Amino acid sequence: MARSLLLPAMLLAADGAAAQNLDTMTREQLVAQAVKEGSVTIFSLSSRIARIEKAFESAYPGIDLIGLDMSSVKQIARLEAEQQAGVNAVDVLYLADTPVVYDKLLKAGRVQNYVPPRVAGEIDAAHKAPLLVHRLSTKVLMYNEAAHPNGSPVTNLWQLTTPQWRGKVLMVDPAQRGELLDLMTEIALHPDEMAAAYKAQFGKDIAVDKDLKGAGEQYIRALFKNDLILVANSDLVNKAVGDKTSKNPPVGFSTYSDRRDNKKEGWALQVANAVEPATGILFPAVLTIASKAPHPAAARLLIDFMFGDNSPTGGPAFEPFNVPGDYATRKTIADDPDSVPLDKLKAWRIDPARTAAARKRINDLIISLQ
């Protein structure tokens, strides 16, 4: 009886030791092990994983990279469902929605952190734990620079609650994209700044409804009551906002880095950075390994690869993400010269723990307004 109780503990210790050995391997050592594994599967919040797949398989022809484009919300739900069913099919997750990831995945032991030794010294400590941050991404107010060549038509978030912008503000439904719920939550978490912006816009102090907590929540209610348009995906926002042929386009909360597709899609997207009190949020996009990943060495090799080479752009492994509006956490990689410098981007950086604590209340408020 005693032996049967000891055996699982011994196996867990062995698994932990194996993982530790993998964590300290050099890239060359990982390559040898990863080639034996033969493949690696990643869930990715960005369709740009297709370009990474091509670059990775060119660099490591013996390893098949299977990249699946999937929102953070869907990744979280799928990983939970698969692991609860005893299925371990994915190796790496590339996702945002960190308030949920830290709470539902990391605390539950469904994912584990890995920092490649090759780049560990080139990434700030805050971006190495509790999960490794690959880049900082955004949800910000975007406008059409072809229709407004002199700059954003919006200079204060409260303007979006006025008759001029009724039915002319777009956003992906926060129920479908956690990053948009994080945006609304962050607005609620800055009541003093939202109150000051209200006074700057309207010349009087804000009156907050008795059932709400602060000017940020009042803003959310006012925005929804002004016929905020919720859509299914960011492409719909970008097309409506950025269409070069539009004479009177709407504005929308979207991803700054979608501006990379302006030429290909015929868009004229630009970030509305001169907005009070902020244009939106900066949030971490993290790379993490699924617990019991079927290809653990290849998983670590892929994460190492995605941090790029030693060139200023990061080379083929990082260049898909080296675009205006994306900000690398690896210090050797220079931001795209067309980006607003990170220290000048008027966006709030989310605190995942603080956001997680406030998220349910804001989600309930949004549901009541739909």
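The face of helix H3 turned away from its buried side carries the exposed residues Arg51, Lys54 and Ser58. Here, buried means under 20% relative accessible area, exposed over 50%, and partly exposed in between (1.4 Å probe, protein chains only). Helices (H or I, at least four residues) and strands (E, at least two) are DSSP runs, numbered from the N terminus.

This is a predicted model: local features need pLDDT of at least 70, side-chain atom pairs count only at pLDDT 80 or more, and totals for chains, interfaces and linings use all residues. Residues are numbered from 1 along each chain as its sequence is written, and side-chain values use heavy atoms, with hydrogens and water left out.

H3 spans residues 49-59, and its buried residues are Ile49, Ile52, Ala55 and Phe56. They cover an arc of only 120° around the axis, which puts them on the same side of H3. The arc is that of the directions from the helix axis to the C-beta atoms. An α-helix has 3.6 residues a turn, so residues three or four places apart point the same way.

The buried residues of H3 pack against strand E1 (39-44), strand E2 (64-69) and helix H11 (296-306). In H3, Ile49, Ile52, Ala55, Phe56 and Ala59 meet Leu301, Leu302, Phe305 and Met306 of H11. Contact means heavy atoms within 4.5 Å. The residues of this contact divide into 9 nonpolar, no polar and no charged. Ala, Val, Leu, Ile, Met, Phe, Trp, Tyr, Cys and Pro count as nonpolar, Asp, Glu, Lys and Arg as charged, and the others, Gly among them, as polar.

| Pair | Angle | Axis separation |
|---|---|---|
| H3 and H11 | about 110° | 11 Å |
| H7 (191-202) and H8 (215-225) | about 60° | 7 Å |

Axes are lines fitted to C-alpha atoms, for helices over the stretch in contact, and angles run from 0 to 180 degrees between N-to-C directions. H3 is roughly perpendicular to H11, whereas H7 and H8 are oblique to each other. Angles under 35 degrees count as roughly parallel, over 145 as roughly antiparallel, 65 to 115 as roughly perpendicular and the rest as oblique. Pro191, Met194 and Ala195 in H7 meet Ala215, Gly216 and Tyr219 in H8. That contact has 5 nonpolar residues, 1 polar and no charged.

**The core**

The largest nonpolar core has 108 residues, and Leu160 and Phe253 touch the most other members. Such a core is a set of buried Ala, Val, Leu, Ile, Met, Phe, Trp, Tyr and Cys residues joined through side-chain atoms within 4.5 Å.

Glu179 lies in helix H6 (residues 178-188). Glu179 is buried, with a relative accessible area of 2%. Beyond four places in sequence, its contacts include Lys139, Phe283 and Asp97. Asp97 sits in the loop between E3 and H5. Asp97 counts as buried too, at 3% relative accessibility. Its phi is near 50°, a positive value in a residue other than glycine.

**Other backbone features**

Lys292 also has a positive phi, about 60°, although it is not a glycine. Lys292 is exposed, with a relative accessible area of 68%. The bond from Ala129 to Pro130 is cis, with omega near 5°. The bond from Glu276 to Pro277 is cis, with omega near -5°. Most residues other than glycine have a negative phi, and most peptide bonds are trans.
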